[in-house]
Amino acid sequence: MNASAWQMLLEGAWTTVWISAVSIAIGVLAGLVIALIRLARIPIVDQLLVLYISVARATPLVTLALFIFLSAPDLGLDFNRSVAGILALTLNTTAFNAEIWRSAFRNFSREQREAAMATGMTPWITFRRIMLPQMVITSLPGLINEMSFLIKGSPAIAVIGIVDLTRVTNRISAVTYEPLPPILVAGALYMMVIGCLIWLQRIFERRANRLAM
Amino acid sequence: MSEANTSETAAVSIRHLSKSFDDVEVLRDVELEVKTGEVVTIIGSSGSGKSTLLRCINWLEKPDRGSIHIAGQRIGVHDDGRAMPVRELAKVRAKTGMVFQGFNLWPHLNVLHNVTEAPIHVQGKSKREAEALAKALLDKVGMSHKHDSYPNTLSGGQKQRVAIARALAMQPTVMLFDEPTSALDPELVGEVLAVIKDLSAEGYTMVMVTHEMAFARAVSDQVVFLEKGLIIERADPETFFTTPKTDRVRKFLENHDTPSPA
């Protein structure tokens, strides 16, 4: 592989990383918001969210990406590829994250909540100061799992023309006729990114031990 | 107007309190008045409604009928029957401090921060002010050597003493103790009771549900016996433990090793 091949690989890696990072950031927060709304059990809204979660969880990423990209013009929306890609990844990961957050809510200790209310905390302060810090730590293994699924599933967005870390290996081997080296490098780069996530997870797990009473 | 007058003098005033879970009446027309500085102990067999009564006082349980005033202020609902908005309810709740059977410390915060959390985020105290208060309270309960420890490293007795400091930190009008020693190993019960006894000597107003009869006799000003949601006997501890009026209480005390005078 020559210098330009390396450069293409790194650019592809960057595309994968930033599109995934944006999708993860939005997806984790949106999942939390959906979980919160679902706690309120608002009729119709709740059913719509359940429908969204079921559909998003059952739809392959490739299908979702194609659908968003191809239907956008008909809906009068003008997406570039990156936005469509981010939207597809986000819609997918949000559904899974919402379920992770929801189970963290459901399993949160009633006793600790009562102790918070008994000191005069409002539900909002209780959520922010007592529940959320613990829910983040207990949900993190699941959330990071979902993040690494998202990154590993991200080559699906190549279907709408985004040149990500996997797609770029095709382009390189089309010129060099040596498909193996770029694929091996791409694999190593994916492992490095996922490795960072696992490292983060370890740090939080150490803090999680404290929560086991 | 007469109600306002009696409520003003009382730390807690409970009137015509009733509550049912499904079809079971757990509280039936309960009346209880706790004066400032008074220690009231609620006794009864399990399922008699004593924990429910205590949990109604700070509205962790919602009664079906009746009213509760804390230092003259009604909790939970307004006189016209409107439910209290959460912020207002939280404000009245802050006038009560509760100590739970299972301690219920917040495991993500160290001992000091368990105590400062509510003063800082509910009362808006400065960090410095809250920490000074917390340190004084932790000293009072004998936990000043454990500021930086996390709850999972403490014994049950230590956890409960921190929980007492946490409740005291809001400087409540009344302290509510819900079987504070029932989850403790027998050898740890004494250290927690000693702290509560100190508080009663300092004049704290307290309502306590307990199975520790000798302790109840030693610290109470008023003992209340609850049976199937009904207060069937109330008296000063001497009268209650030596000459109970009802057979039911006599039997209960026989089964609980009636304590010798403390």
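## Tour of a predicted complex

Select B:Val223: it stands opposite B:Ala235 in strand S10 of chain B. You are looking at a predicted model.

Now show the two strands around that pair. Strand S9 (residues 222-227) and strand S10 (residues 230-235) of chain B run antiparallel, joined over 5 bridges. Next, go to the turn. The hairpin of S9(B) and S10(B) has 2 residues between the strands. Pick B:Lys228 there: its phi is positive, near 50 degrees.

**The open sheet of chain B**

Move to the sheet with the order S2-S1-S4-S5 in chain B. It is open, has 4 strands and pairs in the antiparallel sense. Which strands stand at the edges? Select strand S2 (24-35) and strand S5 (73-74) of chain B. Each has a single partner strand, so one side of each is left without a neighbour in the sheet.

Strand S4 (residues 65-70) of chain B pairs with S5(B) over 2 bridges, in the antiparallel sense.

**The cavity between the chains' residues**

How many cavities of 30 Å³ or more are there? The count comes to 1. The largest cavity has a volume of about 40 Å³.

Select its lining in two steps. From chain A, take A:Ala115, A:Ala118 and A:Thr119. From chain B, take B:Met98, B:Phe100, B:Arg166 and B:Ala167. Then draw two helices as cartoons: H5 (110-118) of chain A and H6 (156-168) of chain B. Each supplies at least two residues of the lining. Colour the lining by class and you get 5 nonpolar, 1 polar and 1 charged residues.

**Confidence**

Finally, colour chain B by pLDDT. Its mean is 92, and 94% of its residues reach 70 or more. Where in chain B is confidence lowest, and where highest? Helix H1 (residues 2-9) of chain B is lowest, at a mean of 49. Strand S6 (residues 96-99) of chain B is highest, at 98.

Select residues 1-7 of chain B. Here pLDDT stays under 50, and the model has 9 contacts beyond four places in sequence for this stretch. For the complex, the predictor gives an ipTM of 0.91 and a pTM of 0.88.

Methods:
Residues numbered from 1 in each chain as written. Chains lettered and ligands numbered in written order. Predicted model: local features only at pLDDT ≥ 70, side-chain atom pairs only at ≥ 80, totals over all residues. Heavy atoms only, no water. 1 Å grid on protein atoms, 1.4 Å probe; cavity = no way out; pocket = protein on both sides within 12 Å on 5 of 7 lines; lining within 4 Å. Points joined across faces, edges and corners; volume = space filled by probe spheres on them. Nonpolar A, V, L, I, M, F, W, Y, C, P; charged D, E, K, R; others polar. pLDDT = per-residue confidence, 0-100. Contact = heavy atoms within 4.5 Å. Pairing = 2+ DSSP bridges.
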